[in-house]
Amino acid sequence: MTPEPDAIFIGAGHNSLACACHLAARGWKVAIYEQNAEPGGAVKTGEYTLPGFKHDWAAMNLSLFAGSAFHGDHAAELASYGLAFAPTAHPFASVFPDGRWLGVSNDAALTTARVRGFSGADAKTWTALTRDFPNRAEAILNVLGSPMNLRAFSSLGWKTWRKTGAGGALDLAQFLMMSPRAWLDQTFESDHVKAMLAAWGMHLDFAPDIAGGAVFPYLEGMAGQAFGMVLGAGGASTMTNAMVKMIETRGGQVHCNAEVTEINQAAGRAFGITLANGTKIKAQKAVIANVSPSALTKLTGGTGGRHEKAMRDFQHAPGTMMIHLAMDALPNWTARELKRFAYVHLAPSMDQMARTYAQAKAGLLPDEPVIVCGQPTVVDPSRAPAGKHVLWLQIRMAPGQIKGDAKDEITATDWTDAAEPFANRALDILERYAPGTRKHILGQHIVTPDMLEADNPNLVGGDQVCGSHHLHQHFMNRPARGYADGTTPIKNLYHTGAAVWPGGGTGAGPGTMLAKKLVGK
Ligand SMILES: Cc1cc2nc3c(=O)[nH]c(=O)nc-3n(C[C@H](O)[C@H](O)[C@H](O)COP(=O)(O)OP(=O)(O)OC[C@H]3O[C@@H](n4cnc5c(N)ncnc54)[C@H](O)[C@@H]3O)c2cc1C
């Protein structure tokens, strides 16, 4: 008989894998149960269009993972299990209807010169922001990398206060509450510069007017310039595969096609799980659920009190649609320089982004959705046959449940029928900036918001980050006040994944912080 593991995980998202790696490295026996046929959740790679074309199902940008505390702790071991990155010095750009473009490269002089092409005053501001970035980033990253309990938060507040003075700490607090538009309007004069940065808020659900979103355009702009961007060599699954190997080498197990249907408890303590096939598995020390808050309620039958109310009230962001393309050439960008960038944002103005968000929230297919065009083979040609490319269009935002079409053209209200015409709307937008691109498409695979959720139930309504990061459910409120450290009211039951502080993305923050809480370091 195999001994009971110390910790059982529900779901093999990267936070579970990171947490399990860290626990296994400290001697815990771990077992992970994943409902999908493969591990990784939103971090996996497959040939979804044609043989030989490797597409990242969801996440492609692994900069957060590469810079994470987890990677810092285990980099050498993960590299020995095959983790490899493909870096680029040209992370992102935006293209505009007037034919102009603006991009950030890992070269401050080059990026500043591009900004100067739009505004001399903005170039001066960019230089000042660049100069202040190391100090300012340290303070912000300390907040984002810190556990959200009262003790840790007070100590962090005190450290910031000592380093920057009262004014500095209060300025930081004010900045963290600002909307992208409030900060961008205060800081820059060019609408192009503002739009290029504001597009980063749309990777989460921070449309330009949402409080708390300014930090994302700021960090992505400055960090993109300071560090570039990294992708996974050969596909994002390099990260998942290496963590699975690390777990298995240390005696842990990752079981796929194993849906968990119940968390077993007695006397207010979780002691195991039940699988869909009826198998029951016990854990000695911890049951760790990487699930959405609504799923946690379902699996436990309710956690009680304020925590249960927060799980029921938890709000999701609008959905995402992905179009994976196999191509025989890159898009014919009218601005040819765009062929160098990992991401090209088709998000021409803050007003368009605000409109798109409002439409998606109202259940409407946006008339002009924000599009992120990912060009992974520019960075990593190994993902496609020689001379060919993979491309994806990420459509932000799209409603999980369709009530109508803001353009009054698409009558379908279910995704099965709306997928094709809505994808065509996105491809038409791409054609505006890169005429003739359609004829280079060799294969296409559309992933609608409901397909994202069917593949991974944590992506409720196609919400790519398992819950809105708006201020009311971020920081100490993610996923519930008093439980941002992954604890729950049920003893030995822990919650991890993007729904828990510090939230979505591939930075493995929730999983790493929980592991350190459980093993002390
Ligand atoms: C389209 C898209 C693009 C993205 N792009 C980026 C990007 O470029 N860079 C970036 O940093 N972030 C990106 N993100 C966000 C990031 O990928 C996610 O926030 C992150 O990967 C979430 O990790 P997680 O550990 O919370 O688990 P998830 O990835 O959500 O995985 C959870 C796992 O749990 C499993 N599960 C759930 N319930 C059960 C159950 N009852 N029983 C068994 N298994 C269960 C699911 O099947 C899934 O495999 C993107 C996300 C999406 C969807």
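With 521 residues, a compact globule would have a radius of gyration near 24 Å; this chain has 22 Å, which agrees. The radius is taken over C-alpha atoms, and the globule rule is 2.2 Å times the number of residues to the power 0.38. Along its principal axes, the C-alpha trace spans about 65 × 55 × 45 Å.

The model is predicted: local features need pLDDT of at least 70, side-chain atom pairs count only at pLDDT 80 or more, and totals for chains, interfaces and linings use all residues. Residues are numbered from 1 along each chain as its sequence is written.

The chain holds 17 helices and 21 strands. These are DSSP runs, numbered from the N terminus: helices are H or I with at least four residues, strands are E with at least two.

**Ligand shell**

The shell around the ligand has 39 residues, and Gly 11, Gly 13, Asn 15, Gly 41 and Gly 497 come nearest. A residue counts as near if its C-beta atom, placed from the backbone, lies within 6 Å of the molecule. Helix H1 (14-25) and strand S14 (319-327) are the elements that give two or more residues to this shell. H1 gives the most, with three residues. By class, the shell divides into 19 nonpolar, 18 polar and two charged residues. Here Ala, Val, Leu, Ile, Met, Phe, Trp, Tyr, Cys and Pro count as nonpolar, Asp, Glu, Lys and Arg as charged, and the others, Gly among them, as polar.

**Helix packing**

Two packed helices are described by the angle between their axes and the distance between the axes. Axes are lines fitted to C-alpha atoms, for helices over the stretch in contact, and angles run from 0 to 180 degrees between N-to-C directions.

| Helix pair | Axis distance | Angle |
|---|---|---|
| H1 and H10 (residues 237-249) | 9 Å | about 30° |
| H5 (residues 120-144) and H6 (residues 150-177) | within 11 Å | roughly 120° |
| H11 (residues 293-300) and H12 (residues 305-313) | within 7 Å | roughly 125° |

H11 is oblique to H12. Angles under 35 degrees count as roughly parallel, over 145 as roughly antiparallel, 65 to 115 as roughly perpendicular and the rest as oblique. H11 passes H12 in a left-handed crossing. Left-handed means that the near helix is turned anticlockwise from the far one by less than a right angle; clockwise is right-handed. Pro 293, Ser 294, Leu 296 and Thr 297 of H11 meet Glu 308, Met 311 and Arg 312 of H12. Contact requires C-beta atoms, placed from the backbone, to lie within 7 Å. This contact has three nonpolar, two polar and two charged residues.

H5 and H6 are likewise oblique to each other. Their crossing is left-handed. H5 brings Ala 139, Asn 142 and Val 143, while H6 brings Leu 156, Thr 160, Thr 164 and Leu 172.

From H1, the contact takes His 14, Leu 17, Ala 18, Ala 20, Cys 21 and Ala 24; from H10, Met 239, Thr 240, Met 243, Val 244, Met 246 and Ile 247. Ten of these residues are nonpolar, two are polar and none is charged.

**Backbone exceptions**

Most residues other than glycine have a negative phi, and most peptide bonds are trans. A cis bond joins Arg 478 and Pro 479, with omega about 5°. Pro 479 sits in the loop between helix H16 (449-455) and strand S21 (493-495). Another cis bond runs from Trp 501 to Pro 502, with omega near 0°. Pro 502 lies in the loop between S21 and helix H17 (509-519). Asp 408, a residue other than glycine, has a positive phi near 60°. Its place is the loop between strand S19 (404-405) and helix H15 (415-433).

Conventions:
Two residues are in contact if their C-beta atoms, placed from the backbone, lie within 7 Å.
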